[in-house]
Each structure stands twice: as structure tokens, then as C-alpha cells.
Amino acid sequence: MSTPPTDHDVIIVGGGLAGLSLALQLRREHPALRVLVLERREGAAPEAAFKIGESTVEIAAHYFGRVLGLKQHLDERHIVKFGFRFFFSDHRDRIDHCAELGASQALPTGAWQIDRGRFENFLVEQVQAEGIDLRLGCSVQGIDLDDGGAGEGVHRARWRAQGGEHEAGARWLVDASGRAGLLRRKLNLETDNGHRIHAAWFRVKGHLKIDAWSDDPAWVQRCHPPERWRSTNHLVGPGYWVWLIPLGSGSHSVGVVCDPDVLPIERIQTLDAMLAWIEQHQPALARALEPVRGSVQDFGFLRRVSYGCRQLFSAQRWALTGEAGAFLDPFYSPGSDFIAIANTYICRLIGKDLAGEAWEPYAAVYDQLFQSFYESTLAMYRGQYPLFGDPVVLPLKVLWDYTYYWGVLGPLFFADRLDDLPTLSRLRSELAEAKQLNIEMQRLFAVWGAREPIAVPAAPSRSFLDQACLDWFAELNRGLRDPLDDAAFRARLRANLDRLRKLAEELTALADASAQQSPLTLIEPDWRGVAAG
């Protein structure tokens with residue numbers, strides 16, 4: 001049965017980061033595709049005080065910079081990120097008197113700190129320049145899905161704009177409406193992933209130059225260049241962490257994410273309460289905020305940040321991307337990574353449909369793969385917040401987590417093999433073993449961190465856990481960019497699995513020995529030696 005003509009091939013509901021980047025990717029891969037994007041916002045987004053989700057990591061950076069070809073804009077108009085950095089600064093008055101985890105110099109494969117307003121305005125310009133039908137000021141009133149049965153094979157969206165009612169149909173409909181989750185709610189797709197966290201944030205005008213928080217030249221100069229402020233800085237404590245993210249528009253983003261079982265949400269639910277809490281738990285940050293408290297640009301609070309989604313890609317030609325589908329946790333900034341992954345799968349499905357291939361079975365396969373990546377990553381966060389103030393366990397957990405990320409999911413995306421089913425089939429047992437190893441290690445970290453309460457040491461700790469001194473770790477990061485043929489790619493994944501096995505063995509041995517050792521003496525001897533072979 002032939003499908004009747006439609007107004008468009010694809011309707012994307014939501015013109016934020018996920019929807020606009022999907023529209024651009026579809027245009028790059030299928031220039032003749034008729035795409036309609038419906039966005040509620042009427043005009044330009046404000047810079048700085050717009051949306052959170054400002055830190056990117058390697059997968060998202062590759063997606064925005066290379067896949068979509070936006071590297072020049074990101075280099076020129078945003079901040080090149082100096083990696084992740086962690087300070088065990090709970091109740092510490094001086095930032096240079098606490099353990100620091102990070103790299104002394106930038107690792108080879110990097111990312112950006114993105115001003116979401118500035119970037120989404122740029123994406124709007126790019127979408128319009130590409131001739132994509134972008135409608136601003138649209139309040140979507142409803143989505144009518146064809147059920148794949150006796151219907152006309154067309155999905156329809158209805159919206160109100162400029163005082164009138166409008167409607168359009170398309171073969172494909174993608175929900176990119178963010179937390180509004182129009183399709184997720186309509187189809188009752190949201191799932192409880194068991195990860196309860198809340199977040200509060202604000203932006204201030206001016207950059208918080210964390211390097212200037214100390215007058216100790218030795219401390220300042222142990223990073224090259226001494227620009228820690230460009231990092232996504234994490235100020236960590238039991239049950240919570242604070243983010244510090246600089247924005248290219250000249251502002252700084254400050255946020256708190258907490259486990260409510262450890263940190264009651266009322267402590268951060270208003271700006272005044274959050275600032276009072278910061279003064280108590282992060283006095284060095286509170287002191288840095290004093291001169292700019294009058295330039296606070298916004299405040300936001302979000303209850304129940306994390307959630308899952310039962311299905312993201314359907315054989316009935318609908319899909320979800322970004323926060324319209326599922327969201328994990330901002331700790332390692334995976335939000336844009338999963339936009340990149342979902343958008344890539346959506347583009348593949350639509351491409352197969354355009355080519356007249358039997359694409360329907362792939363919807364279930366891609367959904368299963370996405371859910372597997374989601375569950376593997378969720379394990380890094382769920383049940384882990386109580387140990388965030390632990391200067392022994394958390395650094396080793398971060399080492400594991402990034403070895404897993406750069407060793408498994410990262411290579412699959414960089415090599416454009418997320419949907420390479422023959423390769424994934426050949427690596428099935430290796431990928432399953434890596435996933436199981438990760439789950440087991442996350443259990444170990446949680447148990448290890450719970451063995452005894454985290455206490456603030458009486459004497460200052462000036463430990464610098466320098467990730468750049470781990471040659472194999474930096475090489476794992478650099479290797480993401482290697483062009484590899486099929487055989488070399490499979491060999492690389494298997495070598496990365498060997499690394500994970502060895503690292504798991506060594507970390508397990510450290511956990512077993514930790515009960516007999518002092519936490520403050522455990523870090524330095526073991527840090528450089530972990531998985532050194």
C-alpha cells in the first residue's frame with residue numbers, strides 16, 4: 001500500500017540542542033529530506049542564564065566538532081576545556097590544602113565548555129542557512145501518532161503560533177522537547193531508574209578563577225598552563241558535588257547535585273539556602289563568590305534529575321532524543337553524549353527507510369544497544385554518591401570510569417561503529433564482559449566507600465593525583481582519534497578489555513588491602529602504579 005503525500009518527511013518537536021543538532025545531521029546525511037522543526041522559544045536565547053548541560057566530554061565534542069562540522073565556532077566562541085578536575089574540599093577553607101585529582105596538562109583528545117544560549121543561537125542560524133523549515137514561537141498542542149494499522153501512515157503535530165492553529169504531517173516524528181517529554185508522557189514510557197538526585201544552580205557574571213584562590217606559586221604552577229578555571233571543576237563531599245563551569249560569554253555556572261538521603265534538598269532549594277550551604281561546606285568557593293554575589297544572573301532547582309525511558313526508537317517511525325527520552329546524571333557530563341548516540345541511531349533508521357531497506361528490525365536493535373549503553377553508564381552513578389568525599393576511593397573510581405568510557409563506548413562512537421552490527425556481533429562476548437566488569441567494579445566501589453565514615457583529616461593534604469603522569473591513561477585518550485580498519489578496531493577493543501581486566505584485578509586487590517592501611521598513605525604509592533604494565 002503506497003503512503004500518501006505528507007507535508008514533511010520528518011517533524012522534530014523541539015528546537016533545542018538535541019533537535020537542532022539532529023536537524024543538521026539529517027541535512028548533512030540526506031540533503032533532500034524535508035525536515036520541520038517546531039520550537040516554543042520565539043526569539044534568540046539569552047547567553048549564560050539559559051540552560052544547564054554546559055560541559056561536554058569526548059563523544060559529544062567529536063559529534064559537535066567533527067560530525068556536524070562546528071569546530072571553528074566552538075574554538076572561537078566557547079572555552080576549550082581543561083578536562084575534569086576534582087577537589088576534596090568539603091569544609092576546607094583553602095583550596096590548596098586539599099587533595100586534587102586532575103591532569104597537569106591537557107590530554108590529547110579534548111572538549112569544550114559550551115554556553116548553551118550562544119550555541120543554540122548559532123545552531124538556529126546554521127539550520128536556517130541550510131534551508132531547514134524551523135518554526136519559532138510554536139506551542140505544540142498535540143501529537144497524533146499513526147498506529148501502523150489502518151491509518152494513513154502519517155504522524156501529525158498540532159501547534160499554536162501567532163494566534164493561529166497549525167498542523168503538519170510526516171512519515172517520521174521525533175520528540176526532542178526536553179524534560180517536557182511529550183511522547184514519553186503520552187506513551188507512558190518513563191521508568192524509575194532507582195537513582196535519586198536533585199540539583200540547584202545559578203550563574204554569575206565573571207569567571208571564578210580558581211587558580212587565584214591560592215597565593216602558593218608551587219600549587220598554581222603544577223598545572224601547565226595554570227588555568228584550572230577552564231576545567232569542569234568538581235568540589236566534592238559525601239553525598240554531593242559542586243560544579244564550576246566557565247562560559248564563553250563571560251559568566252560562570254555554579255551548581256550543586258546531591259543525594260537527598262545524605263543532603264536534604266531544602267538545604268539548596270532556594271538561592272539563599274544554597275549560598276548558606278556553600279558557605280558552610282565549601283568556604284573557599286563562598287569567599288570567591290562574595291565579590292560577585294550582586295551579579296547572580298539566575299537560579300534553578302530541579303527535583304529528581306535522573307530517569308529512564310522504556311523505548312526510544314520505534315518501528316512505527318517515531319523516536320525520542322535528548323532529555324525527551326532519558327537522562328543519567330551530570331557528574332561526568334554524559335547528556336550531550338547520549339544526544340549524539342540517539343541522533344546517530346535516528347539518522348541511520350531514517351536513512352534505511354529512505355533507501356527502501358527493511359529498516360524496522362533495526363529500531364529494536366538500536367533501542368537495545370542504546371539501553372545497554374545507558375545502563376552501563378548509570379551504574380557509574382547509582383549508589384555512588386556517599387563515597388564522593390572519599391579521597392582514596394573516588395580517584396580510583398574516576399580512573400576506572402574513564403578507562404571504561406575511553407576503552408569501550410568512546411571508540412565505538414569515534415570509529416562510527418555504533419550501528420556496525422557485524423563488528424558488534426564479533427565483539428559480543430567482549431562487550432558483554434566489559435559491561436559486567438563495570439557493574440561489578442561499581443559494586444566494589446560502593447562497598448569500599450561505605451566501610452568507614454569519611455572524615456576531614458586534621459592535617460592539610462596537598463596531594464596532587466596527576467592523571468597526565470599515567471602514560472597509558474593519556475594514550476587511551478589519544479587513541480580515540482586513531483583511524484582503524486575493521487581488524488585493527490577489533491584488536492583495539494580487545495586490548496582495551498585486557499586493560500580493564502588488569503585494572504579490575506589491581507583495584508580489587510587495593511580494596512582488599514585498604515582495611516589494613518591508612519587512607520592518607522594509600523593514595524600516593526598506588527596512584528602511579530595502578531595498571532602501569
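Visitor: Which residue in β15 does Arg 203 stand opposite?
Guide: Arg 203 faces Ser 253 of β15, where strands are DSSP runs of E of at least two residues and helices are runs of H or I of at least four, both numbered from the N terminus. The model is a predicted one, in which local features need pLDDT of at least 70 and side-chain atom pairs count only at pLDDT 80 or more, while totals for chains, interfaces and linings use all residues. Residues are numbered from 1 along each chain as its sequence is written, and side-chain values use heavy atoms, leaving out hydrogens and water.

Visitor: How many bridges join β12 to β15?
Guide: Eight bridges link β12 (residues 198-205) with β15 (residues 251-258), and these strands run antiparallel; two strands pair if DSSP finds at least two bridges between them.

Visitor: And what order do the strands of the open sheet follow?
Guide: The order of its eight strands is β16-β12-β15-β14-β13-β4-β5-β19, with mixed pairing. The edge strands, β16 (300-302) and β19 (464-466), each pair on one side only.

Visitor: Switching to helices, is α2 mostly covered or open?
Guide: Helix α2 (residues 58-67) is mostly covered, as eight of its ten residues are buried, meaning under 20% relative accessible area with a 1.4 Å probe, protein chains only. Among those buried residues are His 62, Tyr 63 and Phe 64.

Visitor: What follows α2?
Guide: Gly 69 follows α2, and the phi of Gly 69 is positive, near 75°.

Technical notes: Buried < 20%, exposed > 50% of the residue type's maximum accessible area, 1.4 Å probe, protein only.
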